[in-house]
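Me: I have a chain open on my screen and would like to learn how to read it. Can you take me through it feature by feature?

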Amino acid sequence: MSIWEYANPVKFMRTSGAILPFAVAGAVVCTVGGVVWGFLTPDDFRQGSTVKIVFLHVPAAMMAINIWVMMLVASLIWLIRRHHVSALAAKAAAPIGAVMTLIALATGAIWGQPMWGTWWEWDPRLTSFLILLLFYLGYIALWASVEDVDSAADLTGVLCLVGSVFALLSRYAVLFWNQGLHQGASLSVQSGERMSAIYRYPLYLSMLGFLLLFVALVLIRTRTEIRRRRLAALQAREMRA
């Protein structure tokens, strides 16, 4: 079985329809479970109860970056192989990524104010994240402003390639810059723990929940885009008849 079979809209609709109920159920259980578990953990000895916003901030920030990476892959598939499902999936993912980026910025400001004494700082990591949000909004606006689907997919695909620079900066800014107010990575694969297990496990569950939430939402939105495209084709055919 080839992965390119799922570029067929009929195959995609059938497979995504089977996956969707499990993705929705998993998203609800893991997201609610992770966040509630996290907020029931004891206060941190340094940051107090404010640290509990990490169970929203970190998963949202993780998804904001990874959704753009997913859009990049889908855009490349469109630009190289001209599979319409991949272009529509990238389009469907953009509003979700924009909301995740906005959540990450908002929760970061709420968390940062009592810790840093300011709601915002032109820290390189924060600034790159803000620029990523602007790229999301620009991507969405570009899709809306071009009527021809293929032309819109081409233009947004190029924009996605350019915006990937800031997605990478947002992901690896913790390594690139040591200056600034923003703390280092909350989780690391390197030796030594950055976070106590009492916070780490509910955070893992919350991150899984946000991932499944994205899968569920992007499947729903992609299926909607396919149906909308079919409807437009039928209407165009009726007008020619």
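Me: Let's start inside. Which residues have the most contacts inside the largest nonpolar core?

Reply: A nonpolar core is a set of buried Ala, Val, Leu, Ile, Met, Phe, Trp, Tyr and Cys residues joined through side-chain atoms within 4.5 Å. Buried means under 20% relative accessible area, exposed means over 50%, and partly exposed lies in between (1.4 Å probe, protein chains only). Here the largest core has 35 residues, and those with the most contacts inside it are Ile67, Trp68, Met71 and Tyr139.

Me: Which elements give two or more residues to this core?

Reply: They are helix H2 (54–81), helix H3 (84–116), helix H4 (124–145), helix H5 (149–176) and helix H6 (197–240). H2 supplies the largest share, 11 residues. Helices (H or I, at least four residues) and strands (E, at least two) are DSSP runs, numbered from the N terminus.

Me: What should I know about the model itself?

Reply: It is a predicted model: local features need pLDDT of at least 70, side-chain atom pairs count only at pLDDT 80 or more, and totals for chains, interfaces and linings use all residues. Residues are numbered from 1 along each chain as its sequence is written, and side-chain values use heavy atoms, with hydrogens and water left out.

Me: How many helices and strands are there in the protein?

Reply: Six helices and zero strands. From the N terminus on, the order is α-α-α-α-α-α. Buried residues make up 41% of the 241 residues.

Me: What does UniProt list as "transmembrane region"?

Reply: The unreviewed UniProt entry lists residues 20–40, 60–80, 92–114, 126–146, 158–178 and 198–220. UniProt positions are given in the numbering used here, feature names are shortened, and annotations may be inferred rather than shown by experiment. Take two of these spans in the model. Residues 60–80 are 100% helix and 0% strand, with end C-alpha atoms 30 Å apart. Residues 92–114 are also 100% helix and 0% strand, and their end C-alpha atoms lie 36 Å apart.

Me: How do I read contacts? Which residues does Tyr139 touch?

Reply: Contact means heavy atoms within 4.5 Å. Leaving aside neighbours within four places in sequence, Tyr139 is in contact with Trp68, Met71, Ser75, Ala90, Lys91, Ala94, Thr156, Leu159 and Cys160. For the whole protein, look at contacts with a separation of 6 or more: residues 24 or more positions apart account for 77% of them.

Me: Is Ala87 buried or exposed?

Reply: Ala87 is in helix H3. Ala87 is buried, with a relative accessible area of 6%. Leaving aside neighbours within four places in sequence, Ala87 contacts Trp78, Trp143 and Ala153. Ala87 and Ile77 are 10 residues apart in sequence and 7.9 Å apart in space, C-alpha to C-alpha.

Me: Now salt bridges. How many are there by the rule?

Reply: Side chains of opposite charge can pair when their charged atoms come close. A salt bridge is a side-chain nitrogen of Lys or Arg within 4 Å of a carboxyl oxygen of Asp or Glu. The count here is three.

Me: Where does the partner of Arg82 sit?

Reply: Arg82 forms a salt bridge with Asp154, and the closest N and O atoms are 2.8 Å apart. The pair links distant parts of the chain: Arg82 is in the loop between H2 and H3, Asp154 is in helix H5, and they are 72 residues apart. Arg82 is partly exposed at 37% relative accessible area. Asp154 is partly exposed at 26%.

Me: Which residues do the salt bridges join into one network?

Reply: Start with Lys91 and Glu225, whose closest N and O atoms are 3.2 Å apart. Lys91 lies in helix H3 and Glu225 in helix H6, so the pair ties together parts 134 residues apart in sequence. Lys91 is partly exposed at 22%, whereas Glu225 is buried at 7%. Arg228 also meets Glu225 in a salt bridge (3.4 Å, N to O). Arg228 and Glu225 both lie in helix H6, three residues apart, about one turn of the helix. Salt bridges that share partners join Lys91, Glu225 and Arg228 into one network.
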